[in-house]
Amino acid sequence: MSRNLANSIAPFIYPLFPKKSGILHYVIDIKKFFQYSFAKGYCGKIYMQITIWKQGRITGDEVVQVEVKNGVPAQDRIVGECVGFEEGMGYVEMHISTDSPVFDRPLFENNLAALVRDEYGAVMITDTPKFADTRIIEQIKEVGSYCMAHTGISIDQEKGYGDFFLMINPYDQDLIVNLKSNHGLQKKVKVRSHDINIFNLQPLLGNDRWAAVSLTAKQRVLLYDLKAQSEDPYFPASLDHLDPFRGEQSLKPSSFMNWAKYKLKAATRKVGITRL
């Protein structure tokens, strides 16, 4: 059965906080890329290119290589760390590729990293793909802009609890992001090309503690909900990825028949019969 395969997947991205905020530790499970039959005979190398961006410039670039024989990598995971800048933020872009085509889809399940801080513990960070899911692309074509909404905005000024949008623009053009809350308050935020912007959501709440905020832009912006002390977003208490579609299944079977169909499709896909 013929299938369209590629020798790379969509790059994925992590925000890179300043050095004072902690060190970004990542674990990339490369074994999952070779669990399907069309990749089990692969012999060659798998490459992970790690590129660090700050304010539109590449400040670091390296390639990690792992040998693969008959679809079995020499190691199951790539483990490493990225140290941030003395001042300001950037982002880390990771790109997986192989010598010959083995990937049947551009997106895989998300990888987790941890921002580890001495005396502060760690904050888990989910990566976000550089390029949008096909459903988001269709949305942009149909509506004419990238749209999403987030209902979990919460700020307590008396206790010093803040809420921020952390926005990453990994593309070659600047982005203008339009934000509007259910209180009728609006803001325009510019996110420069290959840069990052942390926006304090307080002006959209007025005197309230809660809000829902909608976001529109001409194209997708990589977005996180960052909760931290209102005066210092560089020490996040939590960082939640807000992309509505990811690589993993989001629909769960609700009946025995649907569960059986789900399991059958998963089994046939694993042996290479179907891609569904």
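How do the residues of the lining of the second largest cavity divide into nonpolar, polar and charged?

1. They divide into six nonpolar, two polar and two charged. Here Ala, Val, Leu, Ile, Met, Phe, Trp, Tyr, Cys and Pro count as nonpolar, Asp, Glu, Lys and Arg as charged, and the others, Gly among them, as polar.

2. The model is predicted: local features need pLDDT of at least 70, side-chain atom pairs count only at pLDDT 80 or more, and totals for chains, interfaces and linings use all residues. Residues are numbered from 1 along each chain as its sequence is written, and side-chain values use heavy atoms, with hydrogens and water left out.

3. There are two cavities of 30 Å³ or more. A cavity is a set of points, on a 1 Å grid over the protein atoms alone, where a 1.4 Å probe fits but cannot get out; lining residues have an atom within 4 Å of a point. Points are joined across faces, edges and corners, and a volume is the space filled by probe spheres set on them.

4. The largest cavity holds about 110 Å³. Its lining has 15 residues, with Ala10, Phe12, Phe108, Glu109 and Asp127 nearest the centre; eight are nonpolar, four polar and three charged.

5. The second largest cavity has a volume of about 30 Å³. β11 (146–154) and β17 (222–229) each supply at least two of its lining residues; strands are DSSP runs (E, at least two residues), numbered from the N terminus.

6. An open antiparallel sheet has the order β6-β2-β8-β9, where strands pair if DSSP finds at least two bridges between them. β6 (77–83) and β9 (121–126) are at the edges with a single partner strand each, so one side of each lacks a neighbour in the sheet.

Methods:
1 Å grid on protein atoms, 1.4 Å probe; cavity = no way out; pocket = protein on both sides within 12 Å on 5 of 7 lines; lining within 4 Å. Helix = DSSP H or I, 4+ residues; strand = E, 2+ residues; numbered from the N terminus.
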